[in-house]
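Hi,

Here is the structure I promised to pass on. My notes on what turned up are below it.

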Amino acid sequence: MSGRLFGAAVQRTEDPRLIAGRGAYLDDLGHGALAAAFVRSPHAHARITDIDVTDALDVDGLIAVYTWEDLPGRVAEPLPMLIPHPALTHPRTGYALARDTVNHVGEAVVMVVARDRYVAEDVCDLIGVTYEILPPVVGIEVAHLAEALVHADVPGNVAAHLVQEVGNAPAAIDAAPHQLELRLSVERSASMPLEGKGVYARWDGTDESMRVYTSTQTSTSVRAALAVRLGLPLGKVEVVAPDVGGGFGVKIMHPWPEEVLIPWVARLLGREVKWTEDRREHFVSSAHERGQLQAVRVGFGDDGRLHGLDVEILHDNGAYTPYGIIVPIITASQLLGPYKPGTYRVEFTSLYTNTVIVTPYRGAGRPQGVFAMERTMDRIADYLGLDRTIVRERNLIRPEEMPYDQHMTFQDGRPLIYDSGDFPESLRRIKKLVGWDAFAAVQDDAAAEGRRLGIGIACYVEGTGVGPYEGGHVQVDPSGCVLVSTGLTSQGQGHQTVFAQIVADELGVPMSDVTVTTGDTRRFGYAVGTFASRAAVMSGNAVALAARAVRAKALRIAGDALEVSPGDLEIVEGIVRVKGSPEVSLGLGTVAVLSNPLRYAFDDAAKLATQFVVGDTAGPPVPEGDEPGLESRAYYSPTQSTFANGMHAAVVETDPDTAEITILRYCVVHDCGNLVNPAIVEGQVHGGVAQGVAGALYERMVYDGAGQLLNASFMDFLMPYASEIPTVEIDHLQTPSPLNPLGIKGAGEAGVIPGMAVIAAAIEDAEGFRITSMPISPSELFALRARFAAGEIEPVDRRHR
């Protein structure tokens with residue numbers, strides 16, 4: 001690799017088009033399509049006793065009304081259970097339209113198709129649904145008590161129960177010189193992409209094919225699901241992800257009810273049909289995450305080294321489990337972070353509640369795990385009177401111990417083996433970056449002015465680049481342009497830039513000659529999707545492998561044409577030339593022409609490839625084992641995940657009177673292996689930090705006891721503005737992964753993972769009492785101060801930092 005572009009902070013090539021308003025998002029398409037809208041349940045738990053559409057039937061512009069009873073065959077079946085697991089003993093999924101019962105507010109009951117969305121919404125208001133209210137199960141504690149059941153055939157509301165053990169942790173804890181117990185909680189939150197979900201479907205009755213545009217993170221999987229549900233050959237279904245206005249995990253869930261219903265009704269009616277999600281629908285009928293209760297028991301020595309760790313987790317999975325139990329599995333396995341726990345036992349119980357389903361949201365279970373581990377490390381330091389960084393340093397895995405086997409099973413069913421990292425160096429760097437050792441004086445000076453400052457630190461390890469595979473196709477056009485396609489989708493990550501950098505370097509062409517297409521099954525039919533910080537690792541390596549194959553073929557063909565050995569050739573700026581004699585050369589576009597033996601000449605370039613000009617007349621024009629064209633398709637399938645890591649430090653100020661929390665500094669040391677584009681990585685970290693701050697101080701889903709979401713609008717659901725997000729100071733550490741050709745690890749979720757933990761630690765340091773629940777608001781901090789003053793909360797002694 002030349003290094004000209006790989007590792008350079010190249011400006012994103014996507015941005016000019018998007019900034020100028022030339023993007024094409026889902027709702028920019030299908031202006032002449034019929035519109036769909038849905039009647040959704042106003043109740044968290046109820047039996048449907050009657051649906052009356054009489055008053056709606058005479059509305060001008062109404063096309064059709066559908067309930068579950070109208071759905072045929074596999075469209076009427078429960079939606080798929082995407083990720084089965086042996087521990088998921090009672091999986092349950094909903095229907096495209098509710099059948100008999102509804103299990104959360106917002107569940108779709110009736111679909112209306114009309115001339116436009118206005119008419120469709122008016123019709124929805126005229127449809128009467130009668131319900132028999134059933135006891136709602138809201139909140140983890142209520143679900144665990146199981147006095148009422150979400151699903152009558154699921155005992156105790158328990159969807160799944162899993163225990164993983166390394167050694168005998170309870171015995172090791174009992175035998176340790178010191179023991180501590182912690183009770184922690186994390187509330188629900190949710191991703192809020194600028195663009196909600198949306199589906200637009202076109203049925204071609206002539207050749208009986210379906211084209212679907214959907215705002216998704218996995219167009220190929222939506223395609224496969226639709227082929228099954230609609231009974232169509234896979235080759236007759238095309239799914240395209242247009243420009244997607246953010247995903248953050250909610251759009252990896254598929255197929256959503258609307259992704260099944262809109263294509264089905266488009267075929268039924270022989271008309272184009274479209275649905276776009278409004279913001280309230282996103283709150284009450286998409287997906288949430290984060291909600292957990294955690295009980296931690298830890299044993300340790302006088303020096304702070306861990307002897308054993310035992311964690312019990314209660315996880316809220318909402319009304320259904322279509323995405324399996326990936327989130328609590330990740331919490332359980334990634335909780336360990338960069339540490340050696342001695343022995344470890346983790347047990348989680350995943351519970352049904354009458355609330356919106358839970359699927360991964362950026363971080364996907366890791367923020368909860370890091371919160372548990374880092375709160376534990378701080379508690380040990382406080383108990384022993386040690387600096388918090390000293391306790392961490394004594395428990396870190398050393399670089400010479402890599403690869404390090406935690407003897408756990410990760411979310412992909414593969415062993416939890418860290419491939420690379422230098423955790424002590426990361427700790428040294430974060431301390432230097434934030435000024436850890438000098439902070440006591442800063443804090444004392446602030447206290448003398450009546451100000452409350454605190455500092456926190458949090459460490460994490462992130463499994464990235466999970467399999468099973470991704471692919472890439474690289475083709476050199478006779479014009480010399482390079483066309484790159486991959487099946488995963490883009491939601492703003494900069495894929496077009498990063499993949500172009502990789503291919504341009506591998507082929508030796510200007511980056512401006514490279515065009516990248518993602519998320520279009522017409523261009524690339526087999527892929528998994530964009531999630532779990534996997535795009536650069538998976539598709540980056542796939543397109544690199546494809547580009548290397550194209551390069552090798554180009555050198556071979558050019559060598560034949562120039563009558564030199566391929567080893568004596570190089571490709572520079574799209575020109576194949578003889579090393580040391582650059583005047584002896586061929587353009588890469590010309591090589592592409594020569595790669596395709598022709599009978600007919602369409603232009604002067606094509607004449608070079610006709611049958612009387614090229615080829616060995618003693619052999620076939622296309623040699624055995626070769627193919628026409630200068631192109632290659634390659635797949636990358638890893639043996640296991642790569643593991644990125646990092647450490648965050650934050651300095652906060654809490655107002656003595658109002659309890660307002662202000663982040664004064666936020667520092668990040670991040671290691672994602674070799675950096676393809678440092679600017680894009682830093683952008684990912686900045687965005688992640690913003691969502692980490694949001695999860696620590698602002699965002700939460702507030703349900704009442706009846707299962708009503710009380711803050712289902714941007715008037716009530718708090719998100720930070722840019723004014724609330726601190727300047728992020730970043731230092732990059734690069735320990736290449738030995739698992740893939742490019743030596744890279746993922747970066748997409750890194751910024752968000754330790755946010756709750758680091759801010760809780762900083763607030764605790766400023767206030768002098770324990771912080772055990774996230775997020776925390778000024779009013780909650782104010783109430784905690786009153787409880788602390790009353791002696792209800794244990795103090796924290798940070799004289800040793």
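**A lysine on the inside**

Lys251 is buried, with a relative accessible area of 1% (buried means under 20% and exposed over 50%, with partly exposed in between, for a 1.4 Å probe and protein chains only). Before you go on: this is a predicted model, where local features need pLDDT of at least 70, side-chain atom pairs count only at pLDDT 80 or more, and totals for chains, interfaces and linings use all residues. Numbering runs from 1 along each chain as its sequence is written, and side-chain values use heavy atoms, with hydrogens and water left out.

You'll find Lys251 in the loop between β11 (237-240) and α6 (257-269); helices (H or I, at least four residues) and strands (E, at least two) are DSSP runs, numbered from the N terminus. What does the side chain of Lys251 reach? The backbone oxygen of Glu195 at 2.8 Å, and that of Gly196 at 3.4 Å.

**Helix α10**

Arg388, Thr389, Val391, Arg392 and Asn395 are buried in α10 (residues 388-395). They sit on the same side of α10 because their arc around the axis is only 160 degrees (taken from the directions from the helix axis to the C-beta atoms). Among the elements covering them are β14 (306-316) and α18 (755-767).

**Nonpolar cores**

The largest nonpolar core has 133 residues, and Leu309 and Ile763 are among those with the most contacts inside it. A core here is a set of buried Ala, Val, Leu, Ile, Met, Phe, Trp, Tyr and Cys residues joined through side-chain atoms within 4.5 Å. Another core, of 49 residues, lies apart from it and includes Leu5 and Val591.

Cheers

How values were computed: A polar contact is a pair of N or O atoms within 3.5 Å; within protein, one must be able to donate a hydrogen and the other to accept it, and residues adjacent in sequence count only if both atoms are side-chain atoms. Contact means heavy atoms within 4.5 Å.
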